[in-house]
Amino acid sequence: MRISESRAKAEGRAQVRPTAEGWKQAMGDDGRPQLQFTAKARVSQPPVHLADLTLAERAEKLKELGLPGFRAKQLSVHYFQHYTTDPELMSDLPKDRRAELASVMFPKLLTEVKRLATDDGRTIKFLWRLFDGSLVESVLMRYSNRITLCISSQCGCGMNCPFCATGQAGLTRNMSTAEILDQIVQANRVIAEGGLGGQKHPEERVGNIVFMGMGEPLANYKRVMNAVHRMVAEAPEGLGMSARGITVSTVGLVPAINKLSEEGVPVTFALSLHAPDDELRDEMIPVNSKWKVDEALDAAFNYYVKTGRRVSIEYALIKDMNDHGWRADLLARKLNARGRGWVHVNPIPLNPTPGSVWTSSEPDVTAEFIDRLESAGVPTTLRDTRGKEIDGACGQLAAAE
Ligand code: SAH
């Protein structure tokens, strides 16, 4: 009997194994779930957009077009502060060149295909079509004290986790820096136009970003980091957001986590752990075949040491799979062994995905799991997951029309 089965039995519980149900997980030559770290060969990237460039690069590009560098600033204000790409609204630019400039600097990246709202309009899921027909989603959420946008970083995902809808179709390509950023600018425009429900505030906009939409952000490291740099860059070079409000979430690509900790941008870091033991995590998170639980936790701890930022551990609670008492205890032990006060745990009740027969943990089991972590001194907060009704919650983004 496997260790996890005997432990479950000792608790009078079952041990469900994580197998994909209702769909087939792509397998590699080694018989393990396939991992795609690079996009398919010969995929093209979208045309270069103002948001792909630094302010200096924008000025350079305008000089090539025979215009003075200060025009870069004006165009940047239109995009990052007024959320507009419409040449008609750019009265500060030479009339005879407005249309040309807008088409060169603002190629259309995201076309809205569908908008679904729930929670009285306070949660909105956007479906976007990209220049090559790829579909991605982002989810906008109003809370009492902030507005959060959950953004995508890749078209599809190559990490192949059996409980997440995004992985089911594999990875098509990486999103460009500007495609990542345009999700925020588009959301800000919707907010400015009064399109987000709930109590309105003066001059409101997206203040928090979570890289928890489609894709594995650390597998698209360079473009994601460029996007992050532009999010925090002062307006009009970027959006002038606070790095603390940006959360980068990963399945645990250890070398990239270590790189992130040297980046000098103190974003909030989240590790999607979901199991404290390799026996289970090997099956739940295919990338665990490369980097084990302890290596991922060491990298997360290193992120805290280097940045001083408390990290989050995400843990989707799945009935009879990873929600046993002993796992809560083991998780607490592993976290405490590295130190105190460096981490908090975010359990997430599992959201249903197409074809999956797994369900979220029972309320009493969830409560006990949290209780055991808390009693061991590990701060733990159950994540309020929004947008289940519109398939907009964690793990449900699959982008179909
Ligand atoms: N690839 C990154 C970011 C995207 S997923 C990562 O894995 O962290 C955002 C979060 O949703 C992750 O913690 C992921 O594990 C979780 N998630 C995936 N499928 C889920 C599901 N069906 N129910 C609840 N959470 C899920």
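Biologist: Where does Val-378 lie?
Modeller: Val-378 is in the segment after helix 11 (363-375); helices are DSSP runs of H or I with at least four residues, numbered from the N terminus. This is a predicted model, in which local features need pLDDT of at least 70 and side-chain atom pairs count only at pLDDT 80 or more, while totals for chains, interfaces and linings use all residues. Residues are numbered from 1 along each chain as its sequence is written, and side-chain values use heavy atoms, with hydrogens and water left out.

Biologist: Is Val-378 buried or exposed?
Modeller: Val-378 is buried, with a relative accessible area of 2%. Buried means under 20%, exposed over 50% and partly exposed in between (1.4 Å probe, protein chains only).

Biologist: Which residues does Val-378 touch?
Modeller: Leaving out residues up to four places away in sequence, Val-378 touches Ala-332, Leu-335, Asn-336, Val-345 and Leu-373; contact means heavy atoms within 4.5 Å.

Biologist: Turning to helix 5 and helix 6, at what angle do they pack?
Modeller: Helix 5 and helix 6 (residues 221-232) pack at about 45 degrees, with axes 8 Å apart. Axes are lines fitted to C-alpha atoms, for helices over the stretch in contact, and angles run from 0 to 180 degrees between N-to-C directions.

Biologist: Which residues make that contact?
Modeller: Helix 5 contributes Thr-177, Ile-180, Leu-181 and Ile-184. From helix 6 come Arg-223, Val-224, Asn-226, Ala-227, Arg-230 and Met-231.

Biologist: What does Ile-209 contact?
Modeller: Leaving aside neighbours within four places in sequence, its contacts include Ile-184 and Met-231.

Key. Helices (H or I, at least four residues) and strands (E, at least two) are DSSP runs, numbered from the N terminus.
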